Amino acid sequence: MPVTTPTSAVSGLDPVQRTRCRDRAVQAAKVALANAASMSYTEGPLRWSGIQDHRNAALGQFPVTSDCSSFATWCLWNGLFLQFGLGDLVNADHWQGGYTGTMLQNGKQVREIANVLPGDCVIYGTAAPGVHTAIVTTITNGTPYVISHGSQAGPFFLVYDYRPDVLQIRRYI
Amino acid sequence: MSPEEPTDYADDDPEYAGDPALHDDAEAWPFAAADPTAIPPDQGDAGVARVTA
């Protein structure tokens, strides 16, 4: 029987590629966190500037203006698009838009906390379309931690259930 | 779940479960977690405000 490399049903990447993709998405969030003082939270069209301006975290770049979903999308774009040239698996909007509602409509849900991996996104709210999202960056003793950009003071590194309204955790890699 | 059934959830696929290389890497993480009670409230997703306006 031939040996086949399992590919992700979400992204089509193989396991090695997925690890690299997750690492790249986490690196992006980490670069942003390290530059929090230079980032602004915005609800205007400039929230997509990170992708529009091709801000590459591998070069130490970060989005100067974003909101929660455009920030999480930018992190994933660093891995999915910049590293592997993949289309918009997060919002299905050509990497040009989206929000928690489209994030809920794409990717696949991770139901068990034990299966959560860096690069997954936590979506908060009491019901669809959700109200906030953050990207998982590390798992400590089985507990996911996220980087969340939800206010002008952010981003922040927080335990994933820092707010009580965890709606879903979804995977796009 | 049988192999013929579609996988609707990421964690239905056993290849995803518990990848040790990606878990418990706290030693390599340089940031301390913030106190949730000490941060400003999240302002909400701008896109949600737009579609529900």
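Predicted model: local features only at pLDDT ≥ 70, side-chain atom pairs only at ≥ 80, totals over all residues.
Local features need pLDDT of at least 70 and side-chain atom pairs count only at pLDDT 80 or more, while totals for chains, interfaces and linings use all residues. Residues are numbered from 1 along each chain as its sequence is written, chains are lettered from A in the order in which they are written, and side-chain values use heavy atoms, without hydrogens and water.

Colleague: What share of the 173 residues in chain A is buried?

Modeller: Chain A comes to four helices and eight strands, taken as DSSP runs (H or I, at least four residues; E, at least two) numbered from the N terminus. Counting as buried a residue under 20% relative accessible area (1.4 Å probe, protein chains only; exposed is over 50%, partly exposed in between), the share in chain A is 61%.

Colleague: Which residue meets Asp67(A) in a salt bridge at 3.2 Å, N to O?

Modeller: A salt bridge here is a side-chain nitrogen of Lys or Arg within 4 Å of a carboxyl oxygen of Asp or Glu. Asp67(A) is buried, and so is its partner, and the side chain that meets Asp67(A) belongs to Arg47(A).

Colleague: Which residue of chain B meets Arg163(A) in a salt bridge?

Modeller: Arg163(A) is buried, with a relative accessible area of 16%, and its side chain also meets that of Asp165(A) at 2.8 Å, N to O. The partner from chain B lies in the segment before helix H1 (46–52), so the pair joins two chains. At 2.9 Å, N to O, this partner is Asp42(B).
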